[in-house]
Amino acid sequence: MAGEPQPDCLFCKIVSGEIPATIVRETETTVAFRDINPQAPTHVLVIPRVHHPDAASLAAAEPGVAADVLREAGQVAADEKIVDSGYRIVLNTGSGAGQTVFHAHAHVLGGRGMQWPPG
């Protein structure tokens with residue numbers, strides 16, 4: 001059921017503490033941790049504690065939590081001191097867009113120039 005922890009979800013296991021992660025921030029509704037395969041000098045994932053398969057599903061079901069994810073992404077950028085140089089927040093939706101873990105999450109990327117268009 002949406003919103004409930006899923007036994008086969010990597011990010012649900014990180015939220016529960018079953019799988020370790022390098023956590024950089026935690027709130028009542030979110031967890032932020034370093035990506036194990038960073039694509040930039042700063043690459044932090046911000047996830048909701050509740051399970052929804054993608055950002056659109058999260059926003060439809062729990063818009064306040066979706067806003068919390070974005071707010072925390074901005075706070076991560078501030079903590080990592082990448083605000084002035086610029087950063088990117090990426091929300092992949094679907095395997096064709098590069099989503100590999102089907103638990104909504106935002107990538108905070110910075111510390112290098114970001115090209116456009118991406119990918």
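Q: What is the relative accessible area of Leu91?
A: Leu91 lies in the loop between S4 and S5; those labels are DSSP runs numbered from the N terminus (helices are H or I, at least four residues; strands are E, at least two). On the scale used here, buried means under 20% relative accessible area, exposed over 50%, and partly exposed in between (1.4 Å probe, protein chains only). Leu91 is partly exposed, because its relative accessible area is 39%.

Q: What kind of model is this, and which pLDDT do side-chain atom pairs need?
A: Residues are numbered from 1 along each chain as its sequence is written, and side-chain values use heavy atoms, with hydrogens and water left out. The model is predicted: totals for chains, interfaces and linings use all residues, local features need pLDDT of at least 70, and side-chain atom pairs count only at pLDDT 80 or more.

Q: How far apart are the end C-alpha atoms of H3?
A: The expected span of a helix is 1.5 Å times one less than its number of residues. H3 has 17 residues, so it should span 24 Å, and the model agrees, with its end C-alpha atoms apart by 24 Å.

Q: Which strands and helix are included in the cover over the buried residues of H3?
A: The buried residues of H3 include Val65, Val69 and Val76, but also Asp68 and Glu72. Contact means heavy atoms within 4.5 Å. The cover over this buried set includes S1 (23-26), S2 (30-34), S3, H2 (55-61), S4 (87-90) and S5.

Q: Which residue forms a salt bridge with Glu72?
A: A salt bridge puts a side-chain nitrogen of Lys or Arg within 4 Å of a carboxyl oxygen of Asp or Glu. Glu72 counts as buried because its relative accessibility is 10%. The closest N and O atoms of its pair are 2.5 Å apart, and the partner is Arg25.

Q: Which residues are linked in a network of salt bridges?
A: Arg25 also bridges to Asp79, with the closest N and O atoms 3.1 Å apart. Arg25 is in S1 and Asp79 in H3, so this pair ties together parts 54 residues apart in sequence. The linked residues are Arg25, Glu72 and Asp79.

Q: How many residues apart in sequence are the parts tied together by Arg49 and Glu26?
A: Their side chains meet in a salt bridge at 2.9 Å, N to O. Arg49 is in the loop between S3 and H2 while Glu26 is in S1, so the parts tied together are apart in sequence by 23 residues.
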